[in-house]
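Here is a short briefing to read with the model open beside you.

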Amino acid sequence: MYKKVLLKLSGEVLSGEGQKGFNLDNISYLIKELKQILEYGTNVGIVIGAGNLFRGREMSELSPTIADQIGMLGTVINALYLKDIFEKNGIRTVIVSQVTSLPSIRPIHYDDINLYFDAGYLVIFAGGTSNPFFTTDTAAALRAVEMKAEILIKGTKVPGVFDKDPKIYDDAKKYEKLTFDEAIEKNLKIMDTEAFSICKRYNMHIMVLDFFEKGNLLKAITGENVGTLVVPGDSK
Ligand SMILES: Nc1ncnc2c1ncn2[C@@H]1O[C@H](COP(=O)(O)OP(=O)(O)OP(=O)(O)O)[C@@H](O)[C@H]1O
Ligand SMILES: O=c1ccn([C@@H]2O[C@H](COP(=O)(O)O)[C@@H](O)[C@H]2O)c(=O)[nH]1
């Protein structure tokens, strides 16, 4: 049973696949899945994407640095939205970020993260890495290492890592397990190379799973590989 995890959620978890904005059915599903693992006393940090609002790469009319800043602010909007809904549902939540000084957002202080967990809070890391040219996958890798998580769980809309994008290729084959080196060499685009590199350097295992499959998160917390594990060394 994992006791401290960083959960990276795609923004589309909040809207539904291919949708924009917020869908309350999706959010109540997220709350149910989260409550199951919080009941076990697992400390949860969340990095939320912003694909339901803005992705820098989709705003080609803008300069990349501006588009990416808008994308990072999208993650802040998602974090605020989630904090309020979580708290209305009994999940005490703190948002930390380096990109804003809004009244409901605290700065990231390493010394405080464990205090929040010890006090029973879920911690949302908003604002990505605070730098353009990155994505929230890289932010998730950084925050997982910073909070000393036991594993980074990427909750997404595909059931794991495949040899090619399963949303495009019907004959894509899923890996049960692979190494960071294999993921980087094969340029598997489920996550950024930067995210794999950080996790490799700091021995942070990753589990990629289909977040839309009921019960997957709880199974992952109990150590069951319900998607694909990305690990250092020999994947056999
Ligand atoms: N080798 C691969 N294995 C699995 N998925 C892959 C692969 N290559 C590309 N993908 C695609 O990567 C996507 C991962 O999406 P992710 O959860 O990171 O959402 P995102 O769109 O980047 O996040 P957000 O919605 O926050 O912007 C999947 O939808 C899948 O189609
Ligand atoms: O460190 C970061 C993280 C994110 N961005 C920008 O935000 C959007 C949304 O993040 P997703 O990971 O795509 O959900 C991303 O497209 C970037 O434009 C960033 O610049 N730096």
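Which residues does Thr136 touch, not counting residues up to four places away in sequence? In this predicted model, they are Lys8, Val47, Gly49, Thr75 and Gly128. The points below set those contacts in context.

**Thr136 and its helix**
- Thr136 is part of helix α5.
- Thr136 has 29 C-beta neighbours inside 10 Å, and it therefore counts as buried.
- Val161 lies 25 residues from Thr136 along the chain, and 17 Å separates their C-alpha atoms.

**The sheet**
- Nine strands form an open sheet with mixed pairing, in the order β4-β3-β5-β2-β1-β6-β8-β9-β7.
- The edges are held by β4 (105–106) and β7 (177–179); each has a single partner strand, so one side of each has no neighbour in the sheet.
- Helix α5, spanning residues 136–146, packs on this sheet and touches β1, β2, β5 (122–126) and β6 (151–156).
- The direction of helix α5 makes about 175° with that of β1.
- As a reminder, strands of a sheet pair through backbone hydrogen bonds, and the pairing can be parallel or antiparallel.
- Strands β1 (residues 4–9) and β2 (residues 43–48) run parallel and are joined by six bridges.
- One of the residues to look for here is Lys4, whose bridge partner in β2 is Asn43.

**Positions annotated in UniProt**
- An unreviewed UniProt entry gives the feature "binding site" at Asp68, Thr129, Ser130, Asn131, Pro132, Phe133, Phe134, Thr135 and Thr136.
- These positions are spread over 69 residues of sequence, yet they cluster in space, with a largest C-alpha distance of 11.0 Å.

**Two annotated residues in the loop**
- Where is Ser130 placed? You will find Ser130 in the loop between β5 and α5.
- Ser130 counts as partly exposed because it has 15 C-beta neighbours inside 10 Å.
- Beyond its neighbours within four places in sequence, Ser130 is in contact with Gln98 and Val99.
- Phe134 also sits in the loop between β5 and α5.
- Is Phe134 buried or exposed? Phe134 counts as buried, because it has 20 C-beta neighbours inside 10 Å and the cut-off for buried is 20 or more.
- Setting aside neighbours within four places in sequence, Phe134 is in contact with Gly128, Thr129, Ala139 and Glu194.

How values were computed: Residues numbered from 1 in each chain as written. Chains lettered and ligands numbered in written order. Predicted model: local features only at pLDDT ≥ 70, side-chain atom pairs only at ≥ 80, totals over all residues. Pairing = 2+ DSSP bridges. Helix = DSSP H or I, 4+ residues; strand = E, 2+ residues; numbered from the N terminus. Contact = placed C-beta atoms within 7 Å. Axes fitted to C-alpha atoms, helices over the stretch in contact; angles between N-to-C directions. Buried ≥ 20, exposed ≤ 12 C-beta atoms within 10 Å, placed from the backbone. UniProt positions renumbered as here; feature names shortened; annotations may be inferred.
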